[in-house]
Amino acid sequence: MKFSARIAAPAAALVLAGLTATACAPQTSDTGAKGDEKTGTLRVWLFQEVGNKPKEKVVDTAVAAFRKGHKDAKVEIEYIPVETRAQRVKAAFNDPKSAPDLIEYGNTDTAGYVKDGGLADITSEFGAWADAKDTDPAARQSVTVDGKVYGAPLFVGVRALYYRTDVFADLGIQPPKSQAELISTAQKIHKKKPDLYGLAVGGAYTYGAMPFIWANGGELADREGSSYTSAINSAKARKGIEAYTSLFGAGNCPPAKCAAMGGNATVTAFASGKAAMAIGGDFSHAAVEAGSVKGTYAVVPLPGVAEGSIAPAFAGGNNIGVLKSSGHRTLAVDLLKELTGKASQARMFDAMGFLPTYTDVRAAAAKREPFVEPFVKTLGAGAKFVPASPAWGQIDSSLILPTMFQEIVSGRKDVAKAAGDAAKKMDAAFAEAG
């Protein structure tokens with residue numbers, strides 16, 4: 001499950017970052033709306049951020065713009081804690097009378113929420129919306145299930161390679177340009193400076209490992225019609241798993257310390273000066289800036305297998321959707337457009353640093369803030385997404401992939417055995433989801 005995968009301060013947790021449990025609501029018998037009122041109060045649930053005031057200002061501006069064209073409508077915004085969002089959303093799906101009209105949700109939850117009957121199909125409205133034509137493909141995919149659109153992307157987040165410019169200068173080395181060079185560079189740094197991880201990696205860092213799988217031509221799953229089967233045990237996927245897990249060991253990042261680390265821990269290790277490199281997101285920038293390496297680091301795209309190529313990154317982020325139970329569908333869609341439109345996303349980038357999902361708005365943001373450029377390049381090279389199946393929530397919450405990585409780096413299983421066992425578990429989840 002992926003909500004706002006970002007770090008606002010070194011101690012702040014990644015808001016899920018795809019690593020914590022999903023709690024999807026059971027299917028409900030009747031979540032359909034009764035009517036489409038053009039007046040009244042719209043209720044909106046958005047996520048409470050660490051340092052929420054800047055987000056509130058952006059949202060207030062969008063609501064004010066909406067009210068100018070809808071004077072008979074009111075808007076109530078509630079910022080809900082991420083920690084309790086699962087219970088709140090479950091209750092909303094099961095009790096339409098108390099449910100909000102719009103919700104912010106993590107983009108890997110789209111398929112599960114659609115299966116639960118919670119989100120409204122807004123394909124026609126999205127297709128006719130001028131702003132939507134500039135939505136990048138990965139973000140569009142995150143609101144699409146079986147060809148239908150169930151919301152609008154709010155922001156996108158990807159990961160790239162943070163590296164210590166002072167360490168690289170001291171050793172006379174350059175940023176790696178291929179996956180093999182990345183691995184050898186990490187090992188060289190650790191050999192020369194044993195107090196540093198060459199590249200901080202984590203056995204529980206699923207979204208940091210995925211680029212290695214995709215760069216080697218592997219996939220998480222294969223789709224046939226509306227069904228998925230695991231592909232994590234394919235030859236190409238295993239090659240990527242081998243590349244990632246080769247970074248665990250005495251030559252770079254010892255399993256005793258690194259097997260249990262997630263994305264937050266790896267970025268914290270880098271920000272605190274314990275690692276020469278780390279795979280971090282655009283959303284990690286604030287945490288690194290607040291750390292001891294401020295002024296002595298830079299960012300480049302994570303290299304792929306071929307020299308000069310860019311490894312595909314997971315396109316995380318959040319969306320906003322209209323609930324199927326809303327009795328104010330037209331108003332809700334209009335408000336959704338204000339909250340997720342180009343003007344709001346540009347303001348949200350300036351306020352919170354969240355990457356816009358529109359290619360033109362993102363390009364303009366990169367010109368204003370140079371640190372964004374490597375992440376924009378990564379998106380432009382082709383980011384990827386998790387299977388659009390309600391089973392992904394179960395796969396994620398069951399820690400199937402982290403377990404696989406940890407079994408390998410601990411020596412309990414070889415790559416073939418661990419990947420094969422993970423594939424069986426994934427297939428069971430896909431079959432259960434239907």
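Modeller: α1 passes α13 in a right-handed crossing. The model is predicted, so local features need pLDDT of at least 70 and side-chain atom pairs pLDDT 80 or more, while totals for chains, interfaces and linings use all residues. Residues are numbered from 1 along each chain as its sequence is written, and side-chain values use heavy atoms, without hydrogens and water.

Colleague: Why is α1 called oblique to α13?

Modeller: Helix α1 (53-69) and helix α13 (329-340) pack at about 135°, with axes 9 Å apart. That makes α1 oblique to α13: under 35 degrees is roughly parallel, over 145 roughly antiparallel, 65 to 115 roughly perpendicular, and the rest oblique.

Colleague: Which residues of α1 and α13 meet?

Modeller: V59, A62, V63, A65 and F66 in α1 meet L331, D334, L335, E338 and L339 in α13 (contact: heavy atoms within 4.5 Å). Eight of the residues in this contact are nonpolar, none polar and two charged.

Colleague: Why are β10 and β11 at the edges of the sheet?

Modeller: The open sheet runs β10-β7-β11, with antiparallel pairing (at least two DSSP bridges). β10 (277-281) and β11 (297-300) each have a single partner strand, so one side of each lacks a neighbour in the sheet.

Colleague: How do you know that β7 pairs with β11?

Modeller: Four bridges join β7 (159-164) to β11, and the two run antiparallel. R164 stands opposite Y297 in β11.

Colleague: What lies across β7, β10 and β11?

Modeller: Helix α16 (373-382), at about 145° to β7.

Key. Axes are lines fitted to C-alpha atoms, for helices over the stretch in contact, and angles run from 0 to 180 degrees between N-to-C directions. A crossing is left-handed if the near helix is turned anticlockwise from the far one by less than a right angle, and right-handed if clockwise. Ala, Val, Leu, Ile, Met, Phe, Trp, Tyr, Cys and Pro count as nonpolar, Asp, Glu, Lys and Arg as charged, and the others, Gly among them, as polar.
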